[in-house]
Amino acid sequence: MILSATTRRPLLQFSLRWLGVLALVLASVGLLTAARPAGQEKDAETCGTCHEDAVKAFALKPHAQIGDKSCTSCHGSAEKHVEGEGKGGIFAFGSSDLPTDKSAKCLTCHSKDNPQYGASPHAKAALDCTTCHSVHGDTGPALLKTGVNKNCSVCHQDVFAQFQTNERHRLQEGVMTCTTCHDPHEPATRTRLAGFKQEECIRCHTDKGGPFLYEHEASRIEGCTSCHEVHGSNNRHMLTHQSTADLCFSCHAEAPSSHQFFSSQDTNCVTCHATIHGSNLSKRFLK
Ligand code: HEC
Ligand code: HEC
Ligand code: HEC
Ligand code: HEC
Ligand code: HEC
Ligand code: HEC
Ligand code: HEC
Ligand code: HEC
Ligand code: HEC
Ligand code: HEC
């Protein structure tokens, strides 16, 4: 049949419209598949033949975002494993794998977040990322096997005990966590704390940071911890000594002669030296 120009046009429009609909359908199918990144699709298919449950559960985990090579980016090239029906040939983060090898896998992507992990006390103590994080398991925020405080306290029980003393930071009440002050991934200041000094404390206790015209050098040079326990203690205001005078005498062996009758039992030095953290008015922290 030969179609005239006038009849041909509507037919063309008709098929164009259907092409449009078809394109829309294709696009939405495309969108649906795009929600699952292409790589996940490929690994999910390969691994899913035998690990169906693991693949399904994984789709809801943050690492599904990896997209390309969503399984093999951690488990390594799996060709032998796939061929050999599961007998070895895969990096499985097992107990016989070296901690440094395990962490290295994670650090291929996370080295920006944790650039110095290798030098941290945790890495040095042979902890790897999976000691605290679980990729597949039931986890809370940040893929932690337990809540932050519990995670740390399993190993640092002595520290946790300090948070159960009378004078303490309110950790259990949720005012802060261990990671408010420590970064478990880092060696420097906040972890090893050699350079901790005042900065982390002043973040919250702004009034203690000055600047003061007359600084108490103890605070500036040796830091808040020269007088305070940081986690908690049974002494008032978390001081390192039960008697304030003993604390002062630990550095000021020689108090002025005007003080000769002050005993460490009866004298609370800060009744007179009231601005013990620093002052703008008194060189001797008297006001
Ligand atoms: C971000 C790294 C990472 C990715 C991505 C990953 N895994 Fe794992 N996988 C691990 C780690 C670490 C373990 C060791 C157990 C643990 O810490 O959860 C493990 C353990 C396993 C195990 C053995 C233990 C078990 O749970 O039975 C299987 C099977 C497994 N993974 C399959 C997969 C599959 C399939 C995928 C892709 C859908 C995948 N993994 C993606 C890190 C990863
Ligand atoms: C042909 C089937 C098959 C395929 C495909 C397959 N696996 Fe496995 N996989 C197994 C079997 C079988 C085991 C051993 C399971 C057991 O012992 O419970 C296993 C174990 C594992 C383990 C744990 C090894 C260990 O030593 O504990 C990991 C991790 C793993 N597979 C990851 C993967 C990943 C990632 C893929 C995709 C790249 C994959 N598997 C593809 C069959 C397969
Ligand atoms: C191929 C890259 C890649 C590898 C390898 C990798 N990750 Fe990730 N990781 C990601 C991406 C992408 C995210 C999600 C986006 C984000 O939070 O930055 C993520 C998120 C995380 C998170 C944060 C989750 C959250 O809820 O905030 C943790 C914890 C984590 N990964 C730990 C690990 C550990 C442990 C390993 C090694 C077993 C590992 N990752 C290996 C790419 C990777
Ligand atoms: C000693 C336990 C521990 C170890 C070991 C550890 N982490 Fe973490 N990680 C944590 C805790 C706790 C958090 C939550 C931090 C918070 O609440 O601020 C976290 C958070 C994270 C996050 C989320 C982003 C962030 O920084 O808050 C990533 C990503 C991460 N860790 C990756 C890793 C990698 C990679 C390794 C190994 C190189 C590793 N972690 C080793 C305890 C650990
Ligand atoms: C699996 C056990 C384990 C877990 C979990 C753990 N640590 Fe550690 N931590 C250690 C070991 C071992 C050391 C090194 C030896 C030491 O100094 O006690 C260490 C060292 C430290 C140090 C340095 C101590 C020093 O004297 O330099 C700090 C700070 C620290 N951990 C904080 C944390 C925090 C915060 C968490 C939780 C996010 C945590 N740890 C979780 C085992 C653990
Ligand atoms: C308010 C901030 C803060 C919080 C919260 C905190 N720490 Fe500390 N932590 C410090 C400071 C500061 C030091 C250094 C003390 C010093 O130099 O005398 C320290 C020292 C440590 C040390 C090494 C010395 C020691 O006492 O063994 C470990 C381990 C430690 N903290 C673990 C933890 C754990 C685990 C938690 C949570 C249960 C926690 N910290 C919560 C500030 C904090
Ligand atoms: C995240 C905020 C925060 C950080 C960081 C912090 N503190 Fe505190 N601190 C508090 C709060 C809030 C209280 C009040 C305790 C309460 O909840 O009753 C407190 C209480 C105290 C007290 C006891 C006050 C009293 O009246 O007895 C001392 C001493 C103290 N902190 C010292 C420190 C030192 C030293 C550091 C640094 C290692 C530090 N704080 C870091 C929030 C913080
Ligand atoms: C030279 C010893 C010394 C140093 C160093 C020191 N403090 Fe104190 N701090 C004290 C004494 C003593 C008290 C008790 C004062 C009182 O009884 O009125 C106290 C009390 C406190 C209190 C509770 C009472 C209040 O005034 O809010 C906080 C909080 C505190 N200090 C935080 C800090 C912080 C943060 C640092 C570091 C910037 C620091 N201190 C450094 C000796 C010190
Ligand atoms: C960790 C050591 C340390 C502790 C503890 C300490 N001080 Fe000081 N204090 C110093 C240093 C260092 C100076 C600077 C002048 C010096 O070298 O004597 C100073 C200066 C002073 C001054 C100024 C007068 C002067 O000699 O320049 C007074 C007053 C003073 N301290 C009182 C106290 C009192 C009261 C306490 C107890 C609450 C106390 N100090 C605890 C180290 C300490
Ligand atoms: C009754 C108030 C009062 C009490 C309590 C008190 N002081 Fe003083 N302190 C002063 C006065 C006033 C000065 C300055 C005049 C002087 O040197 O006698 C001073 C000065 C000092 C100085 C600086 C001396 C110098 O060389 O500049 C130190 C150090 C000191 N006191 C330590 C202490 C210690 C430690 C205690 C607790 C055992 C204490 N004071 C208790 C009032 C007091």
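A residue is called buried under 20% relative accessible area, exposed over 50%, and partly exposed in between (1.4 Å probe, protein chains only). This is a predicted model, in which local features need pLDDT of at least 70, side-chain atom pairs count only at pLDDT 80 or more, and totals for chains, interfaces and linings use all residues. Residues are numbered from 1 along each chain as its sequence is written, and side-chain values use heavy atoms, with hydrogens and water left out.

**The iron site of ligand 5**

- H122 and H156 coordinate the iron atom of ligand 5, each through NE2, at 2.0 Å; donors are N, O and S atoms within 2.8 Å of the metal (3.2 Å for Na, K and Ca).
- H122 belongs to helix α7 (residues 121–124), while H156 sits in the loop between α9 (148–155) and α10 (157–162). The two are 34 residues apart, so this pair links distant parts of the chain; helices are DSSP runs (H or I) of at least four residues.
- H122 counts as partly exposed because its relative accessibility is 23%.
- H156, at 40% relative accessibility, also counts as partly exposed.

**The surroundings of ligand 9**

- Around ligand 9 there are 17 residues (a heavy atom within 4 Å), and the closest are H216, C248, C251, H252 and R284.
- A side-chain N or O atom of H216 is 2.8 Å from a nitrogen atom of ligand 9.
- For H252, a polar side-chain atom lies 2.7 Å from a nitrogen atom of ligand 9.
- Helices α14 (217–222) and α15 (244–249) each supply at least two residues of this shell.

How values were computed
Chains lettered and ligands numbered in written order. Polar contact = N/O pair within 3.5 Å; in protein donor to acceptor, adjacent residues only side chain to side chain.
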